[in-house]
Amino acid sequence: MKIDKDTIKYIANLSMIEILEEEEEKYSKDLEQILTYCEIIDNLDTSKALEFVNPINNSNKFRKDEVKENLDRDLLISNAAETEDGMFKVPKVL
Amino acid sequence: MEIYELSVSEIIKKLKARELTTTEVVNAYFKRIEEVEPKVDAFLTLTKEDALKRAEELQKKLDNNEKLGTLFGVPIAIKDAICTNGVRTTSGSKMLENFVSPYDATVIEYLKKEDAIIVGKTNLDEFAMGSSTEHSAFKTTKNPYNLTRTPGGSSGGSAAAVASYMVPCALGSDTGGSVRQPASLCGVVGLKPTYGLVSRYGLIAYASSFDQIGAFTRNVEDLTLVMNTIIGTDEKDSTSIEREKEDYTKFLVNDVKNIKIGVPKEFYGEGLKPEIKESVLKAAEKFKEMGATVEECSLNIADYCLATYYIVACAEASSNLARFDGIRYGYRSPNATNLKDLYKKTRREGFGEEVKRRIFLGTAVLSSGYSNKYYSKAQEARNAIKAQFAECFKKYDFILTPTSPCEAFKFGEKTDDPLEMYLADIYTVPINTAGVPAISIPCGYTESGLPIGMQLIGNYFSEGKMIQTAYSYEQNTNWNKKPEFKED
């Protein structure tokens, strides 16, 4: 997979990570090198293999939908950078 | 003999016989930590006050003849990717520098219930992504055998703490070798259990279908005691297995007569240091001498596994790490003006270079137009790899390989070339790709005195026999050289 500067900018945007112009070359070079190496799996015959779901148990597990005690709200939001009236505060959206 | 030199089982024995008190044990370890930690830098947080308080409570329990837990009074260190209630849990990232976990991971609950004493949180590569602990946002942990070299990673802090006798045991997590590889480089025992045997609840996720919590000890007997404590079904982890708990101490038997070991020739080829090859092949001879059946076999998957692993693990990481947005917990950029900008700047400033590289890689292989070529193909490859292991286990109980292609490497040696660093995991990632268990145990030293480890890989839930096989080898060999904290 060819990773040029436009591709790395596109990927960084999808990843929601700001990337600086001076970093573009390094990241595109690294990604291209790793992805080229990864193409080795094209040589593995997977025509009989199904897509992998989970190493051991492939079924969903269900539990009863019961009301249980939860962690305290104030404790949980105490790790947030900014809160108000028991809610998370974010910069203006619109 | 100093208190800090005691094994897990000896500590429990001496406490129960009242030859020592829990406070004496905790103080002895903290004294050792004060002496050695400035050289090794294994810990990110020490919890001395809590540990001493807990020691007092436990001593009362003993004095009142109450029922005692399986790890009674045993000091333990915890990789800082595992949540500990009320204690800072950073995962080695600036993103979580000030995060205080509001709950305990299930394994921590179990450890507390069984009377272990947590002494601190250990250093790691940021979000467990790395093989040298150099990607920690906070400090560089040194290899106790040679302080100019890395302890391996990502659980390098835990491995170094056990190797340098700052704790008798520690927990780590293993996504592609992060318990076994540092165990090998630091000359200790490290086990990655079958996927689902140990609850992942409270382990900060890297790649959920690979992650598994494992343990470090200095001998196999101690490993059984820690494993007995941390395994078990957990309704908080939907991938945890419903299965009756085994008592691994029952497998401390010196006998390998009915054990069949396969030695896959593909794991001994190009890229493996000759000294390491020689040591592991000598261990294979030793197993033969001890009565095991040892045969050369073929398992031609190592390169495919590394590619498969980095595609799928990074894809999972890109999704798992989306939660770090600067809003609900963790670092928030002070430089943003609107919400989208806040996400992007927070993630740019909070994540280190390697974490960003893996998020980008994961995003790329999942992006429109590429997900079939990379992600879907890798998931199919994963099943093909699993099938190859299954084929091997029809013939053999265990597969014997080196744990790492090289001994502990120097700082900076592999940091410039990410692919070179990824190749350090070439022998360990196949195990997580299939979800089977594997153990790394010491099997020699290089000419320069650095530890060499070998890996025994087994079928799902073969931990018992695996422990027996490792224990037998340990009983018939003597790889217990203490670290000298060399500086050149």
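What follows is a set of questions and answers on this predicted model.

Colleague: How compact is chain B for its 488 residues?
Modeller: Chain B holds 15 helices and eleven strands, and its C-alpha trace spans about 65 × 55 × 50 Å along the principal axes. The globule rule gives 23 Å for 488 residues, and the radius of gyration is close to that, so chain B is as compact as a globular protein of that length. The radius of gyration of chain B is 21 Å.

Colleague: What share of the residues of chain B counts as buried?
Modeller: Among contacts in chain B with a separation of 6 or more, 76% are between residues 24 or more positions apart. A residue counts as buried if 20 or more other C-beta atoms lie within 10 Å of its own. In chain B, the share that counts as buried is 60%.

Colleague: Which residue of strand 10 stands opposite B:K192?
Modeller: Strand 5 (residues 189–192) and strand 10 (residues 438–445) of chain B run antiparallel and are joined by three bridges. The residue of strand 10 opposite B:K192 is B:A438.

Colleague: How are helix 9 and helix 11 of chain B oriented to each other?
Modeller: Their axes lie 7 Å apart, at an angle of about 105°. The residues that meet include B:Y310 and B:I311 from helix 9 and B:R358 and B:I359 from helix 11. By class, this contact has nine nonpolar, three polar and one charged. Angles of 65 to 115 degrees count as roughly perpendicular, and helix 9 and helix 11 of chain B are therefore roughly perpendicular.

Colleague: Which helix of chain B gives the most to the side that touches chain A?
Modeller: The contact takes 41 residues from chain A and 58 residues from chain B. Helices 9, 10, 11, 12 and 13 of chain B each supply at least two residues of that side, which has 30 nonpolar, 15 polar and 13 charged residues. With eleven residues, the one that gives the most is helix 12 of chain B.

Colleague: Which residues of helix 11 of chain B make the contact with helix 1 of chain A?
Modeller: Helix 1 (residues 5–14) of chain A packs against helix 11 of chain B at about 100°, with axes 9 Å apart. The two helices are therefore roughly perpendicular. From helix 1 of chain A come A:I11, A:A12 and A:L14. From helix 11 of chain B come B:F360, B:T363 and B:A364.

Colleague: Is B:K377 buried or exposed?
Modeller: B:K377 is in helix 12 of chain B and touches A:I41 and A:T46. B:T308 is 69 residues away from B:K377 in sequence and 8.5 Å away in space, C-alpha to C-alpha. Because B:K377 has 23 C-beta neighbours inside 10 Å, this lysine counts as buried.

Note on methods
Residues are numbered from 1 along each chain as its sequence is written. Chains are lettered from A and ligands numbered from 1 in the order in which they are written. This is a predicted model: local features need pLDDT of at least 70, side-chain atom pairs count only at pLDDT 80 or more; totals for chains, interfaces and linings use all residues. Two residues are in contact if their C-beta atoms, placed from the backbone, lie within 7 Å. Helices (H or I, at least four residues) and strands (E, at least two) are DSSP runs, numbered from the N terminus. Ala, Val, Leu, Ile, Met, Phe, Trp, Tyr, Cys and Pro count as nonpolar, Asp, Glu, Lys and Arg as charged, and the others, Gly among them, as polar. A residue is buried if 20 or more other C-beta atoms lie within 10 Å of its own, exposed if 12 or fewer, and partly exposed in between; C-beta atoms are placed from the backbone. Axes are lines fitted to C-alpha atoms, for helices over the stretch in contact, and angles run from 0 to 180 degrees between N-to-C directions. Angles under 35 degrees count as roughly parallel, over 145 as roughly antiparallel, 65 to 115 as roughly perpendicular and the rest as oblique. The radius of gyration is taken over C-alpha atoms; the globule rule is 2.2 Å times the number of residues to the power 0.38. Two strands pair if DSSP finds at least two bridges between them. Lists of a residue's contacts leave out its neighbours within four places in sequence.
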